Amino acid sequence: MRRALACAAEAAAAGEVPIGAVVVVDNAIVGEGFNQPIGSHDPTAHAEVVALRAAANAVGNYRLTGATLYVTVEPCLMCVGALVHARIGLLVYGAAEPKAGAIESMIKAHELGGLNHRMTVEAGILADESRRLLQDFFRERR
């Protein structure tokens, strides 16, 4: 999670919302990313999706069965869908996202009945640090 926080700081430095993500397989980081939809002109370039793409490239398979994804903020609905398709085994996130979080805040998307994959979730890991990055970022922009 500390590496995900470092990725989030990179996002802030680039003028993007500070969210970072890391994919780990067998105790090794195989992909990481930070939010970059503004700079890349890509609405799907959320930290989770960027990290999943890097990990899939690194392992040579879009299915990351058994992998762990660490992300600083609760994933949105789009990202939860990507995590399901990638077959992530464990999702670990920091701060809740009350407006768009799709794990506990807005909807429990990973528990929808028709899904063909289930993942384990751990929430609130380094939540204060993750929340502080977001608050500082938006405070500076106002």
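This is a predicted model: local features need pLDDT of at least 70, side-chain atom pairs count only at pLDDT 80 or more; totals for chains, interfaces and linings use all residues.

Numbering starts from 1 along each chain as its sequence is written, and side-chain values use heavy atoms, with hydrogens and water left out.

Here are the two pairs, with helices taken as DSSP runs (H or I, at least four residues) numbered from the N terminus. Axes are lines fitted to C-alpha atoms over the stretch in contact, with angles from 0 to 180 degrees between N-to-C directions.

| Pair | Axes come within | Crossing angle |
|---|---|---|
| α3 (residues 47-59) and α4 (residues 77-86) | 9 Å | roughly 20 degrees |
| α1 (residues 2-13) and α5 | 10 Å | roughly 5 degrees |

That makes α1 roughly parallel to α5 (angles under 35 degrees count as such). Arg2, Leu5, Ala8, Ala9 and Ala12 of α1 meet Glu129, Ser130, Leu133 and Phe137 of α5, contact meaning heavy atoms within 4.5 Å. These residues split into six nonpolar, one polar and two charged; Ala, Val, Leu, Ile, Met, Phe, Trp, Tyr, Cys and Pro count as nonpolar, Asp, Glu, Lys and Arg as charged, and the others, Gly among them, as polar.

Now for the serine: is Serine 130 buried or exposed? Serine 130 sits in helix α5 (residues 127-141) and is buried, at a relative accessible area of 1% (buried is under 20%, exposed over 50%, partly exposed in between, with a 1.4 Å probe and protein chains only). Not counting residues up to four places away in sequence, Serine 130 touches Leu5, Thr72, Gly94 and Ala95.

Methods:
Angles under 35 degrees count as roughly parallel, over 145 as roughly antiparallel, 65 to 115 as roughly perpendicular and the rest as oblique.
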